[in-house]
Amino acid sequence: MKALFINGSPRKNKNTALLLEQAIEGARQAGAQVEMVNLYDRSLNYKGCMSCFACKVKGGRKGVCSFKDDLLPILQRAVQADVLVCGSPVYCSYPSANLRAFMERLIFPAVNYNDYSHPVVNKVIHSATIYTMNCPNEQVYKQIGYDVLLEQSARQLGVFGPTQILLSMDTYQFNDYSRYDADRFDAEAKRLHHDIQFPKDLEAARALGRSLVEQASAQHE
């Protein structure tokens, strides 16, 4: 089993990355070969869909983007993976820009313009999206429409097979809240919440990684 993990956060050692690392550990425990890609690495120079339509040309290569840049080999590994997990913080009610660009390049080539119900895909990929956010709870999450905005984006991975969503809410954003114009947040309350809830989120991420690999393995038996 090959499992690819995509970090759509600019930070490599904060909430999103930590959750992905636990998902990686779960996948590794289930016997998968694992890889993490940080989309904000300075070595990666890429854009979103370039609307070249090469993936829609009759007789052309189907199912994978062919635009040649630094993202292309990552996209090729993504469509070859058995498990794919994307992680992102929530910026302005959406996943990060770099993850959105990755998703455009990954999803659009799989869309079949002749028949939307039968995507152009090479294999079944078991996938998940991990979101981290300041949003305090599920009630507010629904009130501000995150259940539509974020989940619609995450469900796009369903073009490849079963997909899941893991939410980590009310995250601890700053190491020192006193340094920032963020008076609306109760820093102590957020710290206490983080100390109690985030370890549970980490465990959930580890279980998610393990479960995805087990599901993919069962399908190949």
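**Close-up views of a predicted model**

**View 1. Buried residues of helix α5.** In helix α5 (residues 146-155), the buried residues are Tyr 146, Leu 150, Glu 151, Ser 153 and Ala 154. Seen down the axis of α5, these residues fall within an arc of 155°, so they line one face of the helix; the arc is that of the directions from the helix axis to the C-beta atoms. They pack against β3 (83-91), β4 (94-95), α3 (97-107), β5 (126-132), α4 (138-143) and β6 (163-168). Buried means under 20% relative accessible area, exposed over 50%, and partly exposed in between (1.4 Å probe, protein chains only). Helices (H or I, at least four residues) and strands (E, at least two) are DSSP runs numbered from the N terminus. Contact means heavy atoms within 4.5 Å. The model is predicted, with local features requiring pLDDT of at least 70 and side-chain atom pairs counting only at pLDDT 80 or more, while totals for chains, interfaces and linings use all residues. Residues are numbered from 1 along each chain as its sequence is written, and side-chain values use heavy atoms, with hydrogens and water left out.

**View 2. The largest nonpolar core.** This core has 27 residues, and those with the most contacts inside it are Ile 6, Leu 39, Leu 84, Phe 102 and Leu 106. The elements giving two or more residues to this core are β1 (2-7), α2 (72-80), β3 and α3. Its largest share, six residues, comes from α3. A nonpolar core is a set of buried Ala, Val, Leu, Ile, Met, Phe, Trp, Tyr and Cys residues joined through side-chain atoms within 4.5 Å. Not counting residues up to four places away in sequence, the residues that Ile 6 touches include Leu 20, Val 37, Leu 39, Ile 74 and Phe 102.

**View 3. Ile 130 and the second core.** A second, separate core of 19 residues includes Leu 19, Ile 24, Ala 32 and Ile 130. Ile 130 is found in strand β5 and is buried, with a relative accessible area of 0%. Ile 130 and Cys 86 are 44 residues apart in sequence and 6.2 Å apart in space, C-alpha to C-alpha. Beyond four places in sequence, Ile 130 touches residues including Leu 19, Cys 86, Leu 166 and Leu 208.

**View 4. Ser 168 in strand β6.** Ser 168 lies in strand β6 and is buried, with a relative accessible area of 1%. Not counting residues up to four places away in sequence, Ser 168 touches Leu 19, Tyr 131, Thr 132, Met 133, Phe 198 and Asp 201.

**View 5. The cavities.** The structure holds two cavities of 30 Å³ or more. A cavity is a set of points, on a 1 Å grid over the protein atoms alone, where a 1.4 Å probe fits but cannot get out; lining residues have an atom within 4 Å of a point. Grid points are joined across faces, edges and corners, and a volume is the space filled by probe spheres set on the points. The largest cavity has a volume of about 100 Å³. Its lining has 13 residues, of which Cys 49, Cys 52, Cys 55, Cys 65 and Phe 108 lie nearest its centre. The second largest cavity has a volume of about 30 Å³, and its lining residues include Gly 63, Val 79, Lys 123 and Phe 160.

Methods. 1 Å grid on protein atoms, 1.4 Å probe; cavity = no way out; pocket = protein on both sides within 12 Å on 5 of 7 lines; lining within 4 Å.
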